[in-house]
Amino acid sequence: MTLPPNFGRAVDLSSLGKPKPEAAGPMPGIEITPENLTNEFLSLSKAKPVVLICWSPRSPESQEVVAILGKLALADQGSWVLGRVDVDAQPQVAQALQTRAVPFAVAIINEQMVPLFEQPYPEEQIRMVIDKVLALATEQGVGGAPAEKIEPEEEEAIAALDAGDYAKAEAAYKKLLARKPNDNFAILGLAQTQLMARTDGIDGAKVMKDASAQPDDIAIQLQCADIEIVSGYLEPAFARLLRLIPLFDGAEKKLVKDRLIELFALVDPADPRVIKARAALANALF
């Protein structure tokens, strides 16, 4: 089971520069070595789920993900265990986990590895990943988290995504939303799937260059906003599309508005950047 679909571009280990100074204070989680991974964590995973995060001092984004996971682990009061893998200091562990980029997260449940993500997701999405890990662990009799029902349409969507069939995954999420319109996982899954489909195989650098040269081309600006969202630049993406709203009418204005709303669905509605952009959209429309 893949939790959730990875729609981002990971940071290739070979592309990282020199180590950055580490933040002051201890990092959360237990440092993983070849010895404790084999002798302690595999057996521990029979009692409660283990989440390992691979990071590097050369990647500030990966350090931020370690901090987020530490915060969530503390909030969950010991229902799962966090381990951290410095890929520079522990290359053997990184290789054993098949780490290709950082940040890379993997769960161990009952001695079985479950890849999670290799993208610096925001906290709300990592929270959803951890909730799914706990639910999956409960299904396998590990830990004591309350079981979360995994909808058949969601399983269908995840299988389709694993096969690279975005159209089938989109149809499955839409089917689930027709039955449960307020299902947050389905709303997020649909938005992620549509974003993956739109950005699959796209040359991001070329799109950005074209967007600078053609500021009023709706198709190019929509594509550029997608690339910015994938790269984690939420405010520039929102601002790019908000700028277009007053420039167009009718179907074109609706196209931009609808895309903005789709992008909002990818972010926690309580995020101040979304709140600000929603207010700006309302002002532009009315």
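Visitor: What do the buried residues of H10 pack against?
Guide: They pack against helix H8 (204–213), helix H9 (218–230), helix H11 (250–264) and helix H12 (272–285). A contact here means heavy atoms within 4.5 Å. This is a predicted model, in which local features need pLDDT of at least 70 and side-chain atom pairs count only at pLDDT 80 or more, while totals for chains, interfaces and linings use all residues. Residues are numbered from 1 along each chain as its sequence is written, and side-chain values use heavy atoms, with hydrogens and water left out.

Visitor: Which residues of H10 are buried?
Guide: In H10, which covers residues 234–244, they are Leu-234, Ala-237, Phe-238, Arg-240, Leu-241, Leu-242 and Leu-244. Buried means under 20% relative accessible area, exposed over 50%, and partly exposed in between, using a 1.4 Å probe and protein chains only. Across the protein chain, 47% of the 286 residues are buried.

Visitor: What makes a stretch a helix or a strand?
Guide: Both are DSSP runs numbered from the N terminus: a helix is a run of H or I with at least four residues, and a strand is a run of E with at least two. By that count the protein chain has twelve helices and seven strands.

Visitor: How is the packing of H7 and H9 described?
Guide: Helix H7 (residues 184–199) packs with H9 at an angle of about 115°, and their axes are 10 Å apart. The axes are lines fitted to C-alpha atoms, for helices over the stretch in contact, and the angles run from 0 to 180 degrees between N-to-C directions. From the H7 side, Leu-195, Arg-198 and Thr-199 meet Asp-226, Ile-227, Ile-229 and Val-230 of H9.

Visitor: How do the residues of that contact divide into nonpolar, polar and charged?
Guide: The contact of H7 with H9 has four nonpolar residues, one polar and two charged. Nonpolar covers Ala, Val, Leu, Ile, Met, Phe, Trp, Tyr, Cys and Pro; charged covers Asp, Glu, Lys and Arg; the others, Gly among them, count as polar.

Visitor: What makes a group of residues a nonpolar core?
Guide: The members must be buried Ala, Val, Leu, Ile, Met, Phe, Trp, Tyr or Cys residues joined through side-chain atoms within 4.5 Å. The largest such core has 27 residues, and those touching the most other members are Leu-69, Trp-80, Leu-116, Phe-117, Ile-126 and Ile-130. Helix H4 gives the most to this core, with seven residues. A second, separate core has 25 residues, including Ile-218, Val-230, Leu-242 and Ala-277.

Visitor: What makes the pairing of Glu-118 with Arg-100 a polar contact?
Guide: A polar contact is a pair of N or O atoms within 3.5 Å; within protein, one must be able to donate a hydrogen and the other to accept it, and residues adjacent in sequence count only if both atoms are side-chain atoms. The side chains of Glu-118 and Arg-100 come to 3.1 Å, so the distance meets that limit. Another polar contact, of 2.7 Å, joins the side chains of Lys-254 and Asp-258.

Visitor: What stands out about the backbone of Gln-98 and Glu-111?
Guide: Neither is a glycine, yet phi is positive, at about 60° for Gln-98 and about 70° for Glu-111. Gln-98 is exposed because its relative accessibility is 63%, whereas Glu-111, at 38%, counts as partly exposed.

Visitor: Which residues does the cis peptide bond join?
Guide: It joins Val-102 and Pro-103, with omega about -5°. Pro-103 lies in the loop between strand E5 (101–102) and E6.
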